[in-house]
Amino acid sequence: MRRPSKIGLVLSGGGARAAYQVGVLLGIARLLPDPQRNPFPIICGTSAGAINAVALASGAGNYQLAVATLAKVWKQLHIPDIYDASTAYFVKTFLHFGVSLLSAGHAWPNPQSFLDNAPLRATLSQTMQFGAIASAIDGGYLEALALTASCYTTGMSVTFFQGQEELEEWTRYQRLGLREQIGLDHVMATSAIPLIFPSVRIGEKFYCDGAVRQLSPLSPALHLGAEKLFVVGLASQRPDTIERRNIGAYPMPAQIFGHLLNSVFIDSMAVDMERLTRINHTVSLLQSNEALACQTRLKKVEIFQLNPSRSLEGIVYRHTRLFPPILRFIMKGAGATRQRGTALATYLLFEPDYCRELIALGYRDALHHREEIRQFLEL
């Protein structure tokens, strides 16, 4: 009987968009013959995807329960659970930026970020069971968990992993893997979007969101022994009608910033997928020539990728009224409540109505591809 392939789950970043991943994971639970069995021995996450990865890894002993618990948390999230959106905070922040700029940082030190995500730290400390990760590994339910962050100090993309003893650290160009016991600081570091959230100190170094300078987001799972990759991306299907309607219009601040976030969270994944597809094609050609095949260490890696089938901008456009008053005022001024500027809102709107709709979309997308998923997971 053939041994089942070792499947690595890759969860990319994207702020509130990561609710979509929860829906996909719920759909997979429905497809499993034994919904308690974790189908992903290797789990890798970046940014908001890292939060989902930790929740899944810590509950790997009962996949269905872990995903259901994670979905419950997402469905109850509000913006104040993630970052401070009070009027008092924004008045103080704008004053801070103004005084610091005018005094060159002498009267008041430069602010660390635009938003304060201390509430996120409190939320994660109450909902995440970091100690259960080691138990899942010891019990054989999980082989490795990996979270990626970007180091301000060295400029390297650093993957922190916790897993079986035989797994080794690695070093490649501008990226490395370090064995550590995953904790709250690692999750906060990988989700610290530059300028928006403050950087996080781990040891003697400062880190920001792992999607920044992540040259090869698929590689950590492969370094940890994955033979196949199940990738849940967050690239939105943007309607062509919106693009045609706004040809020639000067980009609004929200549109510009949303474009930057898309380039950080989405583009590196797309490029790495293209690279791996080319490698797979090369390996397929080499397999017909045994002499050449023996001269390369390249191997074919089967991939299944799932992205939202609908426009996330179109979904969030109906929910922008859910932003707190002062933040809604700021977002409106920046153009984030208009259709061509809503990309920014898709990352920041941590509210139940929006998150529930993304979860439902992920669930439907998973079931729509049920046969392909069953075949890929070898069910």
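Residues are numbered from 1 along each chain as its sequence is written. As the model is predicted, local features need pLDDT of at least 70 and side-chain atom pairs count only at pLDDT 80 or more, while totals for chains, interfaces and linings use all residues, and side-chain values use heavy atoms, with hydrogens and water left out.

Colleague: What is the radius of gyration of the chain?

Modeller: The chain holds 16 helices and ten strands, where helices (H or I, at least four residues) and strands (E, at least two) are DSSP runs numbered from the N terminus. For 379 residues the globule rule gives 21 Å, and the chain is close to that, so it is as compact as a globular protein of that length. The rule is 2.2 Å times the number of residues to the power 0.38, and the radius is taken over C-alpha atoms. The radius of gyration is 21 Å.

Colleague: What percentage of the contacts between residues at least 6 apart in sequence join residues at least 24 apart?

Modeller: A contact means heavy atoms within 4.5 Å. Among contacts in the chain between residues at least 6 apart, the share that joins residues at least 24 apart is 75%.

Colleague: Is strand E9 enclosed or open?

Modeller: Buried means under 20% relative accessible area, exposed over 50%, and partly exposed in between (1.4 Å probe, protein chains only). Lys228, Phe230 and Val232 are buried on one side of E9, and Leu229 and Val231 are buried on the other. Five of the five residues of E9 (residues 228–232) are buried, so the strand is largely enclosed.

Colleague: Which residue in E10 is the bridge partner of Phe230?

Modeller: Two strands pair if DSSP finds at least two bridges between them. E9 runs parallel to strand E1 (residues 7–11) over five bridges, with Leu11 opposite Val232. E9 is also joined by five bridges to strand E10 (residues 302–306), again in parallel. In E10, the partner of Phe230 is Phe304.

Colleague: Which lysine lies over the face of Phe376?

Modeller: Phe376 belongs to one aromatic cluster with Phe40, Tyr63, Phe230 and Phe304. A charge sits over a ring if NZ of Lys or CZ of Arg is within 6 Å of the ring centre and within 35 degrees of the ring normal. At 4.4 Å from the ring centre of Phe376, the residue is Lys228.

Colleague: Why do the buried residues of helix H6 lie on the same side?

Modeller: In H6 (residues 131–138), the buried residues are Ile133, Ala136 and Ile137. An arc is that of the directions from the helix axis to the C-beta atoms.

Colleague: What covers the buried residues of H6?

Modeller: On the other side of H6, Gly131 and Asp138 are exposed. The cover of the buried residues includes helix H2 (48–58), strand E3 (144–151) and strand E4 (157–163).

Colleague: Where do the buried residues of H5 pack?

Modeller: Leu120, Thr123 and Leu124 are buried in H5. Seen down the axis, they fall within an arc of 95°, so they line one face of the helix. They pack against H2 and helix H7 (184–190).

Colleague: At what angle are the ring planes of Phe90 and Phe114?

Modeller: Rings of Phe, Tyr and Trp (its six-membered ring) pair if their centres lie within 6.5 Å; planes under 30 degrees apart count as stacked, over 60 as edge-to-face and the rest as tilted. Phe90, at 1% relative accessibility, counts as buried. The ring centres of Phe90 and Phe114 are 5.8 Å apart, and the pair is tilted because the planes are at 55°.

Colleague: How many residues lie between E7 and E8 in their hairpin?

Modeller: Strand E7 (residues 200–202) and E8 run antiparallel and are joined by three bridges, one of which has Phe206 as the partner of Arg201. Gly203, in the turn, has a positive phi of about 70°. The number of residues between E7 and E8 is two.
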